[in-house]
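I opened this notebook to keep track of what I looked up in one chain. The entries follow the order in which I searched.

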Amino acid sequence: MFDLIAIPLGWIMKVVYEVVKDYGVSIIIFTLIIKLLTFPVNYNQQKNMARMQVINPRLAKLKKKYPNNPQKVQEEQYRIYQEEGINPMASCLPTLLTMLIIMGVWRVVCCPLTHILGLGGDVSQAQTLLTDWLTQNSITEKALSSRPELVILKYAKSNPDIFSSLPGFTDTIHGFNNTVLRLIDLGAQPSLSPDGGWTAANLALASIPFISGLLQLGMTIYTQVRQKKMNPDAPSMGGMNAMLYIMPIFSVVLAFSMPAGVGFYWVFSSLFSLIQTVALNHYFTPERSARIAAKAKEKASRKKPGLYQRMMEQQQTMMAEQNGDNRRAVMQRSAANRVDYSDEEEAEGMSRAELQEYNRQRINEARKRMEEKYSNDQTE
């Protein structure tokens with residue numbers, strides 16, 4: 001699966017490398033290209049967050065109004081999202097996209113012979129030759145099974161005779177500059193106890209995970225301060241906030257278990273993300289966000305119900321049936337067809353049997369309206 005992502009990313013990296021002939025610079029330019037390609041997704045996510053800022057005061061009032069009724073809060077939140085045309089799940093796509101790109105970058109960095117040099121057809125034979133040579137010389141290379149191309153790359157430069165039976169193989173590899181500033185081997189793995197001691201190269205190599213973690217931590221702090229400034233009444237989410245601060249630490253640990261090229265990509269990805277977030281936050285001023293929210297609300301009033309809305313409506317109807325609560329049977333409130341059966345006065349004076357029958361009728365009516373509405377949508 002990740003090869004499907006790595007192939008187009010590898011093609012982009014190959015084109016960039018052929019132009020600049022420097023692997024470190026190629027990763028920087030490659031990262032910038034990826035940020036430009038994913039900018040529309042990130043822009044929409046930021047716009048969605050700006051619109052959420054507009055309705056945050058209304059959401060805060062709901063929690064104060066129903067402090068002991070989280071179900072009611074959820075129902076009213078859904079109604080507000082529906083009226084404003086906001087999809088609370090919209091932030092999931094950029095997160096998923098980021099994870100997929102990271103895995104694709106990991107494959108490209110771990111397989112430069114295949115994705116950049118085009119030597120994928122010789123890799124299997126080269127691995128067999130190297131395995132035989134290592135066995136004959138009683139040398140152990142733990143990374144040969146997990147990152148064979150990087151190990152082959154190392155030995156092809158230091159012991160080219162191992163691959164003499166592969167015509168042109170070592171010549172192609174010798175022309176590949178997989179370093180940054182001619183100092184850091186981006187195919188090597190950072191370590192806190194490097195072989196050869198703390199040389200300038202090893203020190204620079206070990207600093208990559210820490211720089212990456214610090215930039216991600218800076219992004220987290222900036223986001224938290226910004227959210228608190230825009231919504232000071234928002235309740236503290238201790239567990240979630242703790243996770244946001246733990247993630248940079250986790251990324252440092254992860255970067256020490258991967259080739260330096262992955263951590264090098266994270267450094268500039270975090271840097272470009274921070275710059276982009278700051279710029280978009282300045283762009284989405286409260287006034288502009290309010291105008292965008294007003295247009296989205298008007299558009300949502302004319303829009304047919306989407307998949308998320310239908311799922312929520314069906315879920316709430318089922319909950320109404322299970323709980324026998326007539327107030328939950330009326331979550332089918334669209335701007336075009338709104339009927340409110342939540343008046344408690346209608347149920348006053350009823351016996352238990354009459355109240356159950358009343359609830360059953362309201363649920364059936366809600367279901368009927370849903371069927372008619374979606375039937376009309378499909379017919380149209």
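Does Ser-138 count as buried or exposed? I found a relative accessibility of 69%, so Ser-138 counts as exposed, where buried means under 20% relative accessible area, exposed over 50% and partly exposed in between, with a 1.4 Å probe and protein chains only.

**Ground rules.** I am working on a predicted model, in which local features need pLDDT of at least 70 and side-chain atom pairs count only at pLDDT 80 or more, while totals for chains, interfaces and linings use all residues. Residues are numbered from 1 along each chain as its sequence is written, and side-chain values use heavy atoms, with hydrogens and water left out.

**Whole chain.** I noted 15 helices and two strands, these being DSSP runs numbered from the N terminus (helices H or I, at least four residues; strands E, at least two). Of the 380 residues in the chain, 41% are buried. I also looked at contacts (heavy atoms within 4.5 Å): among those between residues at least 6 apart in sequence, 69% join residues at least 24 apart.

**Backbone at two loops.** I returned to Ser-138, which lies in the loop between H7 and H8, and read a phi near 55°, a positive value in a residue other than glycine. Lys-21, in the loop between helix H1 (2-20) and H2, also has a positive phi, near 55°. I set beside this that most residues other than glycine have a negative phi.

**H7 and H8.** I found helix H7 (120-136) and helix H8 (148-158) packing at an angle of about 65°, with their axes 10 Å apart; the axes are lines fitted to C-alpha atoms, for helices over the stretch in contact, and angles run from 0 to 180 degrees between N-to-C directions. H7 and H8 are therefore roughly perpendicular to each other, given that angles under 35 degrees count as roughly parallel, over 145 as roughly antiparallel, 65 to 115 as roughly perpendicular and the rest as oblique. Their crossing is left-handed, meaning that the near helix is turned anticlockwise from the far one by less than a right angle, whereas clockwise would be right-handed.

**The salt bridge.** I searched the whole structure and found one salt bridge, defined as a side-chain nitrogen of Lys or Arg within 4 Å of a carboxyl oxygen of Asp or Glu. Which side chains form it? They are those of Glu-141 and Lys-154, at 2.9 Å from N to O. Glu-141 sits in the loop between H7 and H8 and Lys-154 in H8, 13 residues apart. I recorded Lys-154 as partly exposed because its relative accessibility is 44%.

**H2 and H12.** I then compared helix H2 (residues 23-37) with helix H12 (residues 260-283), which pack at an angle of about 40° with their axes 9 Å apart. That makes H2 oblique to H12, and H2 passes H12 in a right-handed crossing. Among the H2 residues that meet H12 I listed Ile-27, Phe-30 and Ile-34, and on the H12 side the contacting residues include Phe-264, Phe-268 and Phe-272.

**Lys-14.** My last entry concerns Lys-14 in helix H1, which is partly exposed with a relative accessible area of 30%. Lys-14 and Leu-117 are 103 residues apart in sequence and 7.6 Å apart in space, C-alpha to C-alpha. Not counting residues up to four places away in sequence, Lys-14 touches His-115 and Ile-116.
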